[in-house]
Amino acid sequence: MPREIITLQVGQCGNQIGGEFWKQLCLEHGIEPNGTLMGPPSSSVDTYTPRIDEIKDIRMNHNGNGNVGRQNVNNYSHIPKYNVDDRKDVFFYQSDDERYIPRALLIDLEPRVVAKLSKTGQYRDLFNPENLFIAQEGGGAGNNWASGFRQGEEHSEAVLDMIDRESDNSDSLEGFVLCHSIAGGTGSGMGSYLLESLNDHFPKKLVQTYSVFPNWDQSQSDVVVQPYNSILSLKRLVLNADAVVVLDNTALNRICVDRLRLDNPSVDQLNSLVATIMAASTTTLRYPGYMNNDLIGLLASLIPTPRCHFLMTGYTPLVLSQPSFSSERAKTFSSIRKTTVLDVMRRLTQPNNIMVSANTSTGTGCYISILDIIQGDDINPTEIHKALQRMRERQLIKFIPWGPASIQVALARTSPFIETRHKVTGFTLANHTCMAELFERLLKQYDKIRKRNAFLDNYRKEPMFHENLDEFDHSRETVQNMVDEYKACEKPNYASFGAIANEDGKN
């Protein structure tokens, strides 16, 4: 039985990357923009026209309902005539007319992005119209976390009703995925409120986020209060999320420039790269194997201690397959090279393939855990063992001194609907102590404007900050504690970290 996952797309950034994510999932599962199944993949059996007594079996395979009348044969011309062993039901459900609909809620306080996805975009007929929430005022949160949080509270009843309806529509709901940015207003503020609400309403369900971290280069930042918004959002990500996949804008820009030879990457190109990462991270859930075929199995090995749950990603080889990348220069750059399991696994540990702007190869930083998802149709498991042995002999990776040093590897099948240009592709989810660098950079930016009490007038207008600014101080303390814990992970006595911290506090 599939364990369903409900996706919440909050704010402009969350809906943009969410829209690209669903586009990628539809391509990988052979789903048309209107939700119907496309023709058989080239690797499947030849097509045929089913007899009336065969239609029942075909429909039961895909819907579990065999009630088909002879007069309705022509209405089911889109029934698949092939068998693809995947789990569409994790992220989609089927409507009464056999269309696949995403288990997704599109939430925003201003209408522009949601309207583009649901009214004018290529996949406008894919989403359930009842799962779109746009605030009636339509003014947005004005890049103010406090405004987004307040409006999230005001609209909580309507949004939670939508979430309850989707959860009731699931047979075995496993958890939620939240797509948002931490630096703006709606994604950070309303996203933070939803994280707290999900913890209260669904205490036993997993909550994973894909959180876009801002570009800290001041010349490329257009939101002066992003350190305030980010610090307030991070407190909720530390306390209310089970896993956070960090999508670092600084690193994504670097990869587009250095690896993909794009001088000035556009938002669409960055979002397409993010969609590739998100789809790759859910491959084992949608094309399951013997291990890591549900969300809890995927995350359990990566997060040995509850608070250190910020994960970095890596992907190789990167190809410029999206239409937005199709330039002559890109075509010459993305020439196909020979890929092997060892080559892919080695590249996944190299800093220039890690999509977080923190160095994994210098200093005292070390890996807490690694999960590599290797995709390919003809991969021999002995190649995995040989690659792991070679990496161990060369000591390419430094692990924590207090836990087992192991790289978990999951083999995943490739989608039959997409022609891959390489025999082997790899994706990594890693928990590394250098994540503290990212948080320290944020704290430095925050302290720079907080010590001058700059740009706080709009926050003081909101109920949370009417009387005082204590919430900023609490949030900063939470993030600083997170930095201290990641640094403590690098030491052999990490198991007694809490006791040591308490003793220091008493002294």
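Guide: Helices are DSSP runs of H or I with at least four residues, strands are DSSP runs of E with at least two, and both are numbered from the N terminus. By that rule the chain holds 18 helices and 12 strands. This is a predicted model, in which local features need pLDDT of at least 70, side-chain atom pairs count only at pLDDT 80 or more, and totals for chains, interfaces and linings use all residues. Residues are numbered from 1 along each chain as its sequence is written, and side-chain values use heavy atoms, with hydrogens and water left out.

Visitor: Why is S147 called buried?

Guide: Buried means under 20% relative accessible area, exposed over 50%, and partly exposed in between (1.4 Å probe, protein chains only). S147 has 7% relative accessibility, so S147 counts as buried. The residue sits in helix 4 (residues 145-154).

Visitor: What is S147 in contact with, leaving aside its neighbours within four places in sequence?

Guide: A141 and E462. Contact here means heavy atoms within 4.5 Å.

Visitor: Is L160 buried or exposed, and why?

Guide: L160 has a relative accessible area of 11%, and is therefore buried. L160 belongs to helix 5 (residues 156-168). Beyond four places in sequence, L160 is in contact with S197 and H201.

Visitor: Why does D85 count as exposed?

Guide: Its relative accessibility is 54%, so D85 counts as exposed. D85 lies in the loop between helix 2 (52-63) and strand 2 (92-94). Not counting residues up to four places away in sequence, D85 touches Y287 and R413. D85 and Y287 are 202 residues apart in sequence, yet 7.1 Å apart in space, C-alpha to C-alpha.

Visitor: What makes K444, K448, K451 and R452 a positive surface patch?

Guide: Lys and Arg count as positive and Asp and Glu as negative, while His and the chain ends are not counted. Patch members have over 30% relative accessible area and no salt bridge, and like charges are joined within 9 Å. A salt bridge would be a side-chain nitrogen of Lys or Arg within 4 Å of a carboxyl oxygen of Asp or Glu. K444, K448, K451 and R452 form such a positive patch. K451 has 70% relative accessibility and so counts as exposed; K451 is in the loop between helix 15 (435-450) and helix 16 (457-460).

Visitor: How many of the residues are buried in the chain?

Guide: Buried residues are 56% of the 507 in the chain.

Key:
Patch = residues over 30% accessible without salt bridge, like charges linked within 9 Å, V, L, I, M, F, W, Y side chains within 5 Å. Areas by Shrake-Rupley, 256 points an atom, 1.4 Å probe, with all protein chains shown as cover. Charge placed at Lys NZ, Arg CZ, Asp CG, Glu CD.
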